[in-house]
Structure formats: C-alpha cells, structure tokens
Amino acid sequence: MSAAPLVGYSSSGSEEEAEAAARPRPRTGGSSRDHSPLTSQRLPVPDSVLRMFLGTEEEPEDDSEKHGGRLRTFPHERGNWATHVYVPYEAREEFLELLDMLLPHAQTYVPRLVRMEAFHLSLSQSVVLRHHWILPFVQTLKDRMASFQRTFVGLEVTSGHAQFLDLVSEVDRVMEEFDLTTFYQDPSFHISLAWCVGDARLQLEAQCLQELQELVDEFEDSELLLRVLAQQVRCKSGNKFFSVPLK
C-alpha cells in the first residue's frame, strides 16, 4: 500500500470547509391578530429574567485578526452555532516530524501558509444550528453512527473511501432531518496540514505538490504513519464538542 497523495485545494469557508448561510424563513398564514396595534407594544423584560440566560449562547466574535485573517462566510446572528462533523486525527510524533519537513518546503512556494493546530477528516460541511437544536442533532447523530468502526489512510484517503461514504451518508441523513446542507457530491477525504488566506492552488500545484509527495514517499514508515484508526466521530458546535463512539 503506497503512502497517501498530497492535495492542494481552496475553500472560502471557516477552517477548510464551506459554511452554509442561515436565513430566517418567512412567516405564512398569519392571523388577523398579526395586524393589531397591540403587537407593536412591547413590555420591558425584567433584568432578573434577562440574567437567567447569560452565557447560554455564543457571543459574537467577528474579529478576523483572532483567526489569522479568516472571515465568516455568513454573518453572526445571536443563537446561531456553526456546526461541523468530523473524524479526529491524533497526530503522533512521527507525523509531526513529517509535517516539519513538508511545511517549510511548501512555504518556499507560498510563504503565508500556516500550520494546522489540529487535524481531522471532515464528514460534513459547516452548517448553522439554532441553540435549541444542538442536543437533538447530536443525539440523532449518535443513533446513526452506532454501528460504525473503520480504519482509513491519509493524507488524501486512498483506502477506505467506500466506508467513509457510508459515514457521510448517515451524517447527510441527519442533516436532512434538520433541513441543513449535506456534504459535497463525490467528495475526496483528506487531512489538512496547513492553510492560508486566499486561493494558492496555482503556486502549490504541479512542481510543489510533486516535491512534497516525494518527501512523503521517502519518509520512513510512511505507510504505517498515515493510517487513521477511526474510533469516534466528533461534532463541534460553536464552542461545544460532542463525541460519538464508533463500536
């Protein structure tokens, strides 16, 4: 089995996945009470009630300087939680040594490349959940994932692709139940090593990727190093993390 191929790709989304925009649906079938003058008269909410819900939802943090220049692809709205489903990859010392070889070489072509702080294989796009949907969403995800356990190969998956599609199919069914965006058609699965603002594919493709691939192929024990044991699926929603064990 050969080591996994390196890939270069662009994305306009948060991290490396595109985020779906959340828009409120128009109300239909309103009653005559919707036109009553009483609906525009709002009584003030007591401070004691307002304080009951402090800290239960995300606060806006749209400062791109805190995220290396990355920008949201949908505006922050109070109560909207960006949500992403993925398989985590726990990087071992040997993997980090390989990354220490690859990144400086790639930076000779694209100096603005930044090393990833954590590694994973995405099973969904980033979508938007309302706060009260999070726990039902995660529970539905756990129900769908109950029977899966697989081993995959990175950086781009060249073995286990069909099993990954099985996982994505179940995640997509959860997304559809909550009327959310499903994953890409004919997806490729990969572990991201680095990122940068903007589209740098022209600089990375051809010679750069070929040279990086040669480094991977020559790295000692790369075939064993680039295997991923998928023991759990994770769901990140805002600043909350949920684990779904795979049996």
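A residue counts as buried when its relative accessible area is under 20%, taken with a 1.4 Å probe and protein chains only. Histidine 190 has a relative accessible area of 14%, so it is buried. Please keep in mind that this is a predicted model.

Why look at this residue to begin with? In an unreviewed entry, UniProt lists His120 and His190 under "active site". The two are spread over 71 residues of sequence, yet they cluster in space, with a largest C-alpha distance of 8.0 Å.

## Surroundings of the histidines

Histidine 190 sits in the loop between α4 and β6. A polar atom of its side chain lies 3.4 Å from the backbone oxygen of serine 188.

Histidine 120, for its part, belongs to strand β3, which covers residues 119–122. Its relative accessibility is 10%, so histidine 120 is buried too. Its side chain makes a polar contact of 3.4 Å with the side chain of serine 122.

## Phenylalanine 189

Phenylalanine 189 is found in the loop between α4 (161–177) and β6 (194–195). With a relative accessible area of 1%, this phenylalanine falls under the 20% cut-off and is therefore buried.

Leaving aside residues up to four places away in sequence, phenylalanine 189 touches Leu121, Ser122, Leu155, Glu156, Val157, His161, Phe164, Leu165, Val168 and Phe183.

## The nonpolar core

Which members of the largest nonpolar core touch the most other members? They are Val85, Leu123, Phe137 and Phe164, out of 58 residues in that core. Phe164 is also among the residues that phenylalanine 189 touches.

Leucine 123 shows what such a position looks like. Not counting residues up to four places away in sequence, leucine 123 touches Val85, Tyr86, Val87, Phe164, Leu167, Val168, Val171, Phe183 and Val233. Val168 and Phe183 from this list are contacts of phenylalanine 189 as well.

## Confidence along the chain

The protein chain has an average pLDDT of 77, and 70% of the residues score at least 70.

Over residues 12–40 the pLDDT stays under 50, and the model has 42 contacts for this stretch beyond four places in sequence. Residues 56–60 also have a pLDDT below 50, with 16 contacts in the model beyond near neighbours in sequence.

Key:
Residues are numbered from 1 along each chain as its sequence is written. This is a predicted model: local features need pLDDT of at least 70, side-chain atom pairs count only at pLDDT 80 or more; totals for chains, interfaces and linings use all residues. Side-chain values use heavy atoms; hydrogens and water are left out. Helices (H or I, at least four residues) and strands (E, at least two) are DSSP runs, numbered from the N terminus. Buried means under 20% relative accessible area, exposed over 50%, partly exposed in between (1.4 Å probe, protein chains only). Contact means heavy atoms within 4.5 Å. pLDDT is the predictor's confidence in each residue, from 0 to 100. A nonpolar core is a set of buried Ala, Val, Leu, Ile, Met, Phe, Trp, Tyr and Cys residues joined through side-chain atoms within 4.5 Å. UniProt positions are given in the numbering used here, feature names are shortened, and annotations may be inferred rather than shown by experiment. A polar contact is a pair of N or O atoms within 3.5 Å; within protein, one must be able to donate a hydrogen and the other to accept it, and residues adjacent in sequence count only if both atoms are side-chain atoms.
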